[in-house]
Amino acid sequence: MSEPGASPVPRPGAHVVARRRFLGYVLAGATLVTAAAPVLPAAAEAEDAQTADLTDIVDLNDVMTLAGKPTSLSITVEVHDDGTVSFALPRAEVGQGITTSTAMLIAEEMDLPLDRVRVTLADARPELLFNQLTGASNTTISTYTPIRVAAAAARLRLMEAAADEFGSEVGALTLRDGVISDESGHSADIGTLAAKAASETDEEVDVELKSAQAFNDVGEPQNRIDALEAVTGRKKFAMDLAVENALPTMVCRAPTINGTPASVANADTVLEMAGVTDVATISTGVAVRARTFGQCIDAVRALEVSWASGSADGLSDADVLRELEGAEPRMPLPLPGVSRLEEKFTFHFRNNSALESNCAIADVRSDSAEIWSGLKSPIVAQGEIAKLLGLRQSAVTVHVTESGGSFGRKLFFDAALEAAEASKAFGKPVKLMWHRADDTRQGRTQPMAISRVRISHTRNRVLRYDQRHTSVATDLSHGFGDVVTAMAAQVPGLDGTFSQVFFQLSQATSYDFGLSTRLLNETNRSFNTGSMRNVYSPNVLTTRELMVDRLAREWDRDPYELRRDFLDDERSRAVLDKVAEVGEWGREMPEDTAQGIAFMHEYKSVCAVLVEIDCRPETIERPIRNGVAGPRVTKAVCAVDVGLAVNPRGLEAQMQGGIMDGIALALTSGLHLEDGHFLEASWDNYFYTRQWNTPPEMEVVVMPANGEPGGAGELAVAPANAAVACAYGRATGTMPTTFPINHGDLSFDPIPTEPPIPESPTDGLDDAV
């Protein structure tokens, strides 16, 4: 359904609201505070219910949005007497720009200048239940309507207060730039009306939201509201906070994954080192508190610890791969007399560590605790910290700080747990930080996996598409699993394990490939894994797109044209056509170079990526210090349709970051497991996309707005990964089946695991270029 005269967004990604009138609340208080009533999503259209793909009916994003609806009344907009408007966002700002887009929504609905809107991050609030979980590109989708309704309710009450003050009718008033005026010359700033507009009791109000045609700011490119603070160093992250007596703290960790401390031989000696104030054994290692982080590093390196076995002792890449192969689900019996293409793909462990190191501040007392950290699941963290400390959950205050990146990493709260445990052991506040080597070797990884695909086809027709994905288990204990468990019973067709349901809800087939089946099997819980950016999609989508390219070769078809023919809606074809047009698909390329193209739809949005790759010998063999050069992506073009981009400039930045992730996953970013530990120990030897691998040409095309916002945060990662893989296959004539492509070439001398923190360089001039 849609408004009269509006065109509904076609499937996939249909996300249109049928009405603009909503119920809001004015909450009792001394100043004006408003909220949105819960708005439940409409039932799936009957047409959608006939489709074979579950994600055409309901996807992971729908489940998360549905889970958050009952507590949307707890999300409030507050108008202050100084004329500013504040909103405590129950999501984590990790660099994706949601504080900016949220401020834009409030400013739009209230006709305010953007600089009068203050968006902060909410502390952990257990009453919000599933409404304080950040992930799956869900923030804008789930908060878009509640925030606007609350802002519209505030606007209405301010207008009513002004009408009473002026002796005018509401319809005769205008609100512009925070000032309400009438035709008689009366005017008042909203700050002077905030108390008058407040209510002594909670009241229902009926509000009408702006139509998209009336938007002035939403949909227009906007610089981030925190950009100046970020580039001038004034932005406050966890480690920038001045909490009284919270001294730097680090942990000496085991040489193998999840090893635990058995005994410490020289704790007293280390305690006498310069600056060291405390040494204590905790569950994950030996914690050291000192005056500076440099002194912490010296103390960690000096500790002599005997370690108990870890969870992955003795395991190397080949061992895990054999276990995965033995756990592969069976493919269905082949269709008799039908041609088929089949291939197996391998994805090695990968680390998506954020630019900001894993860190937290903790001040634990006998009857309470206070935590500061960048957390995407703060309610779950609060509960686990309370359990660890033996406190009531209400006795633990968790402050959510802004973070320098996440990529799914900060759904976990390992540093907050450690900080709480160390603070309790010391009886003092701590400012705990992981070393980069800690996060690479003991942190969260994208699990090793294999994916097998079979395409059964006749001439120019695909009869069925089967995929069997086998993976080291992904840890979903950070809150997503709870959402799935709570909501699965309300969604027809959902059954199976946590991970199986998560897998089915997050994956889409996209192409009209007849009967389509996909199945996940997980094994081996020895590793610290996480739902890293895009979770299963980079692996699943890359295998699919590579097999589509292989099918195109089998049928002697152009890969772009074949994709276009099998996409079943105009919206999807439009982004594919746009990326082919802007990227000049099919242009003549030098030998050993090629183009690759890939498509994805996910969470109400569609995206296509085209890349050009250079696999010429002089490029592959170019000298790179302590690294494998390998192929170079020279051009990347992305076309994206998210329905409505609240801030197109922020969306463009998201797509650029996703492309960088995809390039890394395809070409360079992998961990080598050997005898129970990873060989990589920092970004010196874990090769995320670097300057020497960044495409000199990049363009992002944001398609015209249509409908409501869809998901964006993870959207470009998987198609960029797939496009690079497809380009590599076309340039070399050999389809890649192991990722990252250069994984077999160990280009560095592994750093010893004991001591766990490598020696700091004393002079970087030798490495200057």
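This is a predicted model: local features need pLDDT of at least 70, side-chain atom pairs count only at pLDDT 80 or more; totals for chains, interfaces and linings use all residues.

The largest cavity has a volume of about 160 Å³. Its lining consists of 17 residues, and Q507, A508, T509, V540 and R544 are the ones that lie nearest its centre. Four elements, β21 (461–472), β22 (515–523), α15 (537–555) and β23, each contribute at least two residues to the lining of the largest cavity. Helix α15 provides the largest share, with four residues. By class, this lining comprises five nonpolar, nine polar and three charged residues.

The second largest cavity holds about 90 Å³ of space. It is lined by 15 residues, of which T668, H672, F687, N742 and D745 are the closest to its centre. The lining of the second largest cavity divides into six nonpolar, seven polar and two charged residues.

## The four-stranded sheet

Strand β23, which supplies residues to the lining of the largest cavity, also belongs to an open sheet of four strands. The strand order in this sheet is β23-β24-β25-β28, and the pairing is mixed. Because β23 (593–602) and β28 (697–702) each have a single partner strand, they stand at the edges, and one side of each is left without a neighbour in the sheet. On average, neighbouring strands of this sheet are turned by 10 degrees against each other, direction ignored.

Within the sheet, β24 (residues 605–614) and β25 (residues 632–641) pair in the antiparallel sense over nine bridges. L610 stands opposite V637 in β25. Helix α19 (residues 648–667) lies across β24, β25 and β28, and runs at about 130 degrees to β28.

## The six-stranded sheet

Another open sheet is formed by six strands in the order β5-β4-β3-β2-β1-β9, again with mixed pairing. Its edge strands are β5 (117–121) and β9 (203–208), each of which pairs on one side only. Neighbouring strands of this sheet are turned against each other by 30 degrees on average, direction ignored.

Strands β2 (residues 32–36) and β3 (residues 76–79) form an antiparallel pair over four bridges. In this sheet, V33 stands opposite E78 in β3.

Definitions and conventions. Residues are numbered from 1 along each chain as its sequence is written. Side-chain values use heavy atoms; hydrogens and water are left out. Two strands pair if DSSP finds at least two bridges between them. Axes are lines fitted to C-alpha atoms, for helices over the stretch in contact, and angles run from 0 to 180 degrees between N-to-C directions. Contact means heavy atoms within 4.5 Å. On a 1 Å grid over the protein atoms alone, a cavity is a set of points where a 1.4 Å probe fits but cannot get out, and a pocket is an open set with protein on both sides within 12 Å along at least five of seven lines; lining residues have an atom within 4 Å of a point. Grid points are joined across faces, edges and corners, and a volume is the space filled by probe spheres set on the points. Ala, Val, Leu, Ile, Met, Phe, Trp, Tyr, Cys and Pro count as nonpolar, Asp, Glu, Lys and Arg as charged, and the others, Gly among them, as polar.
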